[in-house]
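Subject: A structure to look at, with notes

Dear colleague,

I am handing over the structure below, and I would be glad if you kept it open while reading the notes that follow it.

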Amino acid sequence: MSTQSFAGVARSVVIVEDDPAALKLTSLALQRINVNWDARAFSAGGAALQYLRDCGDCGQLPDVVLLDWNLPDLHGRDVLSRVRAASGELRGIRVVVVTTSSAESDIVEARNLGANDYLVKIPDFCAFQHSLGEVLRAEVASPSSWPGVWRAATSD
Amino acid sequence: MSGMTSKQIETSWYQALVESAPDAFVLIDSEGEILLVNQQAENLFGYERAQLLGKKVEALVPERFRGNHHIHRDSYFGEPKVREMGAGLDLWGLRKNGTEFPVEISLSPVLTGNGNCVAAAIRDATSRKRGQEQFRNLLETAPDAMVIINTDGEIVLVNRQTEAVFGYTREALVGKRVEILIPERLRERHASHRRQYFAEPTVRGMGAGLELTGRRKDGREFPIEISLSPMETEGGNWAIAAVRDVTERKEVDLKIAEYARNLERSNKELEQFAYVASHDLQAPLRNIVSFSQLLKDECVGKISNNADEYFRFIEEGSLRMQALIADVMELSRVNKSARPHDWVSMNDVADQACSQLAVTIEEKNAEVLYANLPNVWGESTMLVQLLQNLISNGIKFQTEGRRPRVEIRWKAESNFHCFEVHDNGIGVPSDQLDKVFEVFRRLHTREQFEGTGIGLALCKKIVEEQHRGRIWLESSEGCGARIFFTLPGGPCEEQRAGK
């Protein structure tokens, strides 16, 4: 379950997560997916958005953004809508919303704002790791970035 | 009659006319001496005719009025014309036996061989007075302030309650414009409304839908309610206004409205709290579960046997908490996810509920029976949740080794449908029937039956808050449980109106 093939390609991911424990779990899951992920973490939405804009300016955007929804400074929905409203390549970056909420209203909102996928932070770590792998593989495999195929992996 | 001259015939006619008149007739000369009386006068005053003729008319007037009577008499002869006597005054007659009675008198000048005379037509006003008296008593004892006005808007009559409510004496009000009783800024408009009312007088409330304001003598204003009725009198068309001070009622209304607002707000806050609390509890719980899993993996083979048991307790506790949180969220989501109601087939609802429960039904080899369920007016997601909970309860609370059977029946009532979900399970003791609908109420230990105790609370919310229905339980221990609930047979008024 834990070994999922990413064809050995180095990938870069930005994690936006304010809870250190949750960040640790996401990082662990990434490690265990057994791919050489270059991960960069931000605990605040504003800082992450700034970083992404800078990346966009020099044409070095990460492959995926894992975006927590309930962020204290700049809410996940604001980060997402600003990314989708940005100019240039940043606008099309893959964004996966990662949150504890499985509320339908949150899922619908994330989709409407242009999230590529939606991943619930379920308590069972192995199941979470598996879902994260599925989501990332699907994202990386999809030829276009956004708008891509909406999958919403919400169930364990 | 033969042998009478035409003059004699005429005289006898006049005599007959006077004698048969319904009123008492008394003819007096300018000195006040009685020249003629008729039969009615004899009856009314109790005298024989002979006892009156030649007497002063003051004999028929109570002692206390006699002194001034001749002055009035003289002034009448000074300017004789047909008119009422003592306009606006109470007139009294005196009988031979000394009793007094109210009278009405019309006077007309008559020129006779004895010079200027006056004919008085006298009518017993006892019964009319009694009527007036009753009217006045009625007015006085009325619980509302009664204000009677004429077409000019002048106050004709008020009762005691008017004095109490507005702070004026009645003397200060009678003859004044009724606008004295309302705030100055409203007076002009009131006068025009008053004229409209007299143009089409009916019994009705005043200013329907408006806040009416009265003004006391001290200038203080207060809310009032007014009913108007027209009244035709000899004095012309009047209007009776019944005025009620509604200060207290308005205050109570305001208080009730405030309570309702507070209640609604605190309910909303509570729902919001439940939602946020359950939502925010998920993140730390996830950390506990995930890290205890990771810790357990790291510890395999390194620590004591007890550790395995401890990890199991952590896991079980976490799972239970997770279930509780999920249920609280579901409960608070019922309020949030109120979608528009529509026609819903309860057959489809039952099908969906069963397919959600397919695993349980198969595991327990349960029988779920229903057929030809009707359409109701509701929200299908919630109704599936409802039946799912009820069916799953019916299957769950079962005696070991018995095949669970749940039957759904229904019957149509006037404008709703009544459903019954009947199981063959352990039932509920009669003293616990109400408790089962409370949030987190569990009647059994966790070893006996799994569950968080939220299922029936959720059902109650769905039926009673979201569908204006009712849900109740009938059961006796050992005979299964019968849950009844009602659902609308169609849209209610406001929903029909497109709410």
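In this predicted model, B:Lys129 and B:Asp90 form a salt bridge in which the closest N and O atoms are 2.7 Å apart. The two partners come from distant parts of the chain, 39 residues apart, since B:Lys129 sits in helix 5 (residues 126–141) of chain B, while B:Asp90 belongs to the loop between strand 3 (83–84) and strand 4 (91–94) of that chain. B:Lys129 is partly exposed, with a relative accessible area of 26%, and B:Asp90 is also partly exposed, with a value of 48%.

Over all chains, the count of salt bridges comes to 32. Among them is a pairing of B:Asp218 with B:Arg216, whose closest N and O atoms are 3.6 Å apart, and B:Asp218 also meets the side chain of B:Arg220 in a salt bridge of 3.6 Å, N to O. Please look at B:Arg216 in particular, as this charged residue counts as buried at 19% relative accessibility, the cut-off for that word being under 20%. Elsewhere in the chain, a network of salt bridges links B:Arg405, B:Glu407, B:Arg409, B:Glu420 and B:Arg482.

To set these pairs in their surroundings, here is chain B as a whole. Its secondary structure comes to 15 helices and 19 strands, and buried residues make up 37% of its 499 residues. If you take the contacts in chain B with a separation of 6 or more, residues 24 or more positions apart account for 55% of them.

Two residues of chain B deserve a look for their backbone angles. B:Asn372 has a phi near 50 degrees, which is a positive value in a residue other than glycine, and you will find B:Asn372 in the loop between strand 14 (367–369) and strand 15 (375–378) of chain B. B:Arg468 likewise has a positive phi, of about 50 degrees, although it is not a glycine, and its place is the loop between helix 14 (455–465) and strand 18 (471–475) of chain B. As for accessibility, B:Asn372 counts as exposed at 64%, and B:Arg468 counts as exposed at 56%.

Where the two chains meet, 13 residues of chain B are in contact with 20 residues of chain A. The area buried between them is about 1,500 Å², and carbon and sulfur atoms give 53% of that area. Of the area that chain B buries against chain A, B:His279, B:Arg286 and B:Leu294 supply 40%, more than any other three residues. How many salt bridges does the rule find across the interface of chain B and chain A? The rule finds zero there.

Leaving aside residues up to four places away in sequence, A:Gly46 touches A:Asp73 and A:Leu74. With A:Leu74, the separation is 28 residues in sequence and 5.8 Å in space, C-alpha to C-alpha. Just after the helix, A:Gly59 takes a positive phi of about 65 degrees.

Finally, a word on the cysteines, where a search of the whole structure finds zero disulfides over all chains. A:Cys58 is exposed, with a relative accessible area of 55%, whereas A:Cys126 is partly exposed, at 37%.

How values were computed. Residues numbered from 1 in each chain as written. Chains lettered and ligands numbered in written order. Predicted model: local features only at pLDDT ≥ 70, side-chain atom pairs only at ≥ 80, totals over all residues. Heavy atoms only, no water. Helix = DSSP H or I, 4+ residues; strand = E, 2+ residues; numbered from the N terminus. Disulfide = S-S within 2.5 Å. Buried < 20%, exposed > 50% of the residue type's maximum accessible area, 1.4 Å probe, protein only. Contact = heavy atoms within 4.5 Å. Buried area = accessible area lost by both parts, 1.4 Å probe. Salt bridge = Lys/Arg side-chain N within 4 Å of Asp/Glu carboxyl O.
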